[in-house]
Amino acid sequence: MLMLITQWANEFFFYYLLLYVTFLFLSMVMGALRLSARHTQARLENQFQHDCFLPVSVLVPAHNEEVTAVDSVRSLLRLDYPLYEIVVVDDGSTDATAVRLIEAFSLQPVRRPIRRTVPCKAHSAVYEGMAAGVPITLVIKENGGKADALNMGINVSQYPYFVSMDADSLLKEDALRRIMGAVLEDDRTVACGGLVRIANGAEVEHGRVKRETLPKNLWLLLQIMEYDRSFLSSRMLFDLFNGSLIISGAFGLFKKETVIAAGGYDTATLGEDMELVVRLHVFCRSNHIPYAIRYATDAVCYSQAPDNFRDLQKQRRRWYLGLFQSLGKHRRVLFNPRYGLLGAVSFCYYFLYELLSPVLQVVGLVFIGLAYWLQIINARFMLVFYLLCLLFGVVISLASFLARVYLAGQRLGVLDVLKALGLCALENFGYRQVLAFISLSAFFGYRKRKLDWGRIERRSFHAGGKSGAEK
Amino acid sequence: MSQTELIWIYALFAVLVIGYNLSVGRRERWRERAEARWLAALQPALARGLAPREQKALARRLGDAENAVALATLLREKPALAAGRAGEALVAAADSAVRRYRRRDDARRAAFCFFLAQLPTGTGNLTDFLWDCLLASSVYCRENALLALGRRGDAQGLARALRHMSLHDVAHSPRLLQEDLLAASCPPEELADALLAMFSQLSPPVQTALVDFCRLAGVERKCFFRRRLLAETTDDETCYALMRYFGRFPDLFAKRMLLRMLYQPRRGGWEYSAVAASVLRNYPGGDTLAALEKGITSANWYVRRNCAESLLALEAPAERIEAILDGKDPFAADIMEYVIQRRGLHRAVR
């Protein structure tokens with residue numbers, strides 16, 4: 001009986017990996033072709049877009065972000081976009097986040113009512129001001145989490161589209177123009193994600209990334225590879241059939257009217273960004289609203305990544321639980337014919353290869369050990385197969401990294417390429433396995449800390465800047 | 001084929017994709033150089049007149065959206081190149097190339113519309129193509145098609161195009177539409193009349209854009225707009241635009257409407273009262289001041305704020321402002337104090 005189960009399990013893992021590799025392969029080929037087409041399209045649009053634009057509100061939820069908030073808003077003031085406003089929501093900070101912003105931008109208190117189109121906690125003060133011709137609004141409210149702060153931002157904002165971002169992120173000068181390009185290309189677009197790059201190690205001057213350099217910290221280097229890979233290896237493919245399930249909370253564009261109709265951000269989940277995107281899919285399909293959820297590879301946002309194991313662990317546990325909650329809440333989408341490829345491919349991928357992957361990786365290792373002990377496994381074949389899969393992963397990571405470098409118009413030396421190759425190897429042989437164990441451990445203490453998962457150290461964008469913390 | 005071989009093949013393809021990524025950059029540089037060479041050779045040919053063979057080659061080149069955009073950019077910099085016989089040759093080449101764009105994606109169609117916008121005239125084929133583009137889901141495509149139609153200077157043609165969009169329920173942004181109308185090369189009065197003649201067939205966003213266009217371009221059509229303001233069927237957003245129009249072109253009848261809307265907003269919407277309160281600052285007089293003094297006691301914050309702003313804009317006598325500040329209604333006093341503060345003013349009398 002044990003032998004039968006082990007045999008069956010090994011077969012399952014073999015096909016599980018084969019399916020994954022096939023998916024990665026398809027995704028990368030389609031991704032590369034799409035990137036190239038997208039590049040041509042962007043070049044065309046650059047030349048004919050003249051003054052075509054729609055106004056947009058930039059929402060910046062902040063909780064204890066005194067270290068980075070002013071820099072972030074400064075970077076927003078330099079955006080190359082004709083009409084936008086900045087709405088900072090101080091979500092019950094216990095540090096001097098609001099004071100720093102009020103002083104830096106000479107904000108004045110205003111007494112205007114806020115119409116609650118989506119539910120959020122009460123506010124205690126509203127400040128307004130103008131810097132570099134851009135209106136800035138600061139709302140100070142009770143602590144309710146990032147989703148609640150974004151809901152407040154939606155209520156305060158005045159334009160038909162909004163961009164949600166983190167207070168520790170910086171947008172590239174043309175990021176707003178690029179991400180709004182998705183709406184101008186297709187006005188059915190209700191949401192669009194941007195490309196998130198790691199800001200640690202970058203040289204920042206006057207709230208703008210002046211020069212991108214690779215950081216020395218190994219955790220950061222591995223995350224850079226991981227970010228590049230995730231964007232090319234799945235998101236580009238999902239974008240083809242309107243199947244994107246994730247828009248990073250660090251940088252995403254949404255159509256306000258649709259988000260309000262769908263009920264705004266869910267405050268009861270850790271992964272409010274993913275949950276909203278899935279809900280928009282469900283809402284639009286259920287109500288037969290023609291829609292598109294897009295991904296703009298040329299709209300770049302720089303975000304701070306954890307630079308030590310402890311913070312990485314906290315972040316990934318939160319992400320994993322967010323994924324678990326979102327997929328759990330909308331489980332009816334899985335293989336539901338009403339949702340087409342979204343349910344059959346995107347949802348299935350996230351379920352099998354993102355949610356179950358950490359569990360299967362650990363269980364898989366146990367079964368391989370068992371099969372070896374029972375002598376029912378061709379150990380050599382299994383090892384070669386596993387190594388080949390990992391090797392394929394290395395090639396995919398490298399292709400993604402090169403595609404991103406090419407898109408950014410950067411030049412690499414031989415040494416850089418060798419360094420990237422080494423990192424790709426390390427990312428696949430070690431880092432991913434560590435992440436699997438971290439994700440798996442997320443369930444310990446889940447009930448107790450469902451919505452609150454520690455604090456991550458924040459660093460100033462300027463070299464030698466002091467640290468802060470974010471809930 | 002075993003699974004291991006399959007994986008090896010995948011890996012090989014992955015390596016090929018890396019090579020592809022690296023080669024794309026080089027291809028682009030080559031393309032840019034070729035494009036520059038083509039444009040340099042085309043300029044003298046256009047000046048002297050194109051031979052039939054050159055005409056065919058130009059049509060073939062224009063089938064590529066990138067070439068069309070490159071040529072459009074050149075024509076925008078040097079409009080003289082598209083004048084006279086050269087213009088006719090370009091229109092003829094565009095007419096031959098247009099069929100290739102009918103099945104292309106929106107980005108390429110938008111690019112071709114941009115090229116057509118640089119031409120002085122068009123043909124029936126080209127107009128049909130532009131009309132098709134007006135119904136695309138791409139805002140770029142619709143905008144460039146409107147730009148091309150607007151630059152032809154044919155007010156009737158542009159009006160018919162907007163009606164075509166309305167009939168197909170194309171929801172184009174009123175702000176963009178209004179800018180397109182302002183950018184059109186026909187006389188504003190002529191364009192306004194062409195559109196007003198088919199007002200009821202236009203969708204609410206187009207109607208709103210048209211009213212705003214008339215306001216910004218200084219086209220006075222008070223009589224027509226009075227009737228629209230009275231009509232119960234007029235869309236809310238269009239009504240707000242009409243009220244703002246009568247802020248630019250004061251009118252006695254409109255004043256009576258505005259005063260009434262301050263207390264009795266249409267369909268009970270406070271937005272009507274707020275817009276009326278704001279527009280009334282263009283109607284100085286005792287009755288306006290009295291209405292605004294009453295309006296400042298409204299239950300809605302925005303109506304109160306706009307009434308306070310208008311009272312100050314109309315330079316209401318200091319004693320009347322003081323009366324509000326010291327009056328029985330704490331909300332009215334509060335908003336007046338707030339607006340005074342925001343404007344950096346000081347109370348004149350205490």
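Figure 1. R37(B) is exposed, with a relative accessible area of 54%; exposed means over 50%, buried under 20% and partly exposed in between, with a 1.4 Å probe and protein chains only. This is a predicted model, in which local features need pLDDT of at least 70 and side-chain atom pairs count only at pLDDT 80 or more, while totals for chains, interfaces and linings use all residues. Residues are numbered from 1 along each chain as its sequence is written, chains are lettered from A and ligands numbered from 1 in the order in which they are written, and side-chain values use heavy atoms, without hydrogens and water. R37(B) sits in helix α1 of chain B; helices (H or I, at least four residues) and strands (E, at least two) are DSSP runs numbered from the N terminus. On the surface, R26(B), R29(B), R33(B), R37(B), K56(B), R60(B), R61(B), R99(B) and R100(B) gather in a patch of positive charge. Patch residues have over 30% relative accessible area and no salt bridge, with like charges joined within 9 Å and nonpolar side chains (Val, Leu, Ile, Met, Phe, Trp, Tyr) within 5 Å. Lys and Arg count as positive, Asp and Glu as negative, and His and the chain ends are not counted; a charge is placed at NZ of Lys, CZ of Arg, CG of Asp or CD of Glu. At least two residues of the positive patch come from each of α1 (3-48), α2 (52-62) and α4 (84-101) of chain B, and α1(B) gives the largest share, 4 residues.

**Figure 2. A salt bridge between chains B and A.** R142(B) and D187(A) form a salt bridge, their closest N and O atoms being 2.7 Å apart. The pair crosses between chains, from helix α7 (residues 139-151) of chain B, which holds R142(B), to the loop between α5 (175-185) and β8 (189-198) of chain A, which holds D187(A). Both R142(B) and D187(A) are buried. A salt bridge is a side-chain nitrogen of Lys or Arg within 4 Å of a carboxyl oxygen of Asp or Glu, and the structure holds 31 of them over all chains.

**Figure 3. The salt bridge of Lys255 and Asp287 in chain B.** The closest N and O atoms of K255(B) and D287(B) are 3.1 Å apart in this salt bridge. K255(B) lies in helix α14 (residues 252-263) and D287(B) in helix α16 (residues 286-295) of chain B, so the pair ties together parts 32 residues apart in sequence. K255(B) is buried, at 11% relative accessibility, whereas D287(B) is partly exposed, at 42%.

**Figure 4. The nonpolar patch of chain A.** V414(A), L415(A), L418(A) and L421(A) form a nonpolar surface patch with about 440 Å² of accessible area together. Accessible areas come from the Shrake-Rupley method with a 1.4 Å probe; for residues, only the protein chains shown count as cover. L415(A) belongs to helix α13 (residues 414-441) of chain A and is exposed, at 68% relative accessibility.

Figure 5. N64(A) is not a glycine, yet has a positive phi of about 50°. N64(A) is in the loop between β1 (56-62) and α2 (69-77) of chain A and is buried, with a relative accessible area of 5%. Phi of S106(A), also a residue other than glycine, is positive and near 45°. S106(A) is in the loop between α3 (97-105) and β3 (108-110) of chain A and is exposed, at 51% relative accessibility.
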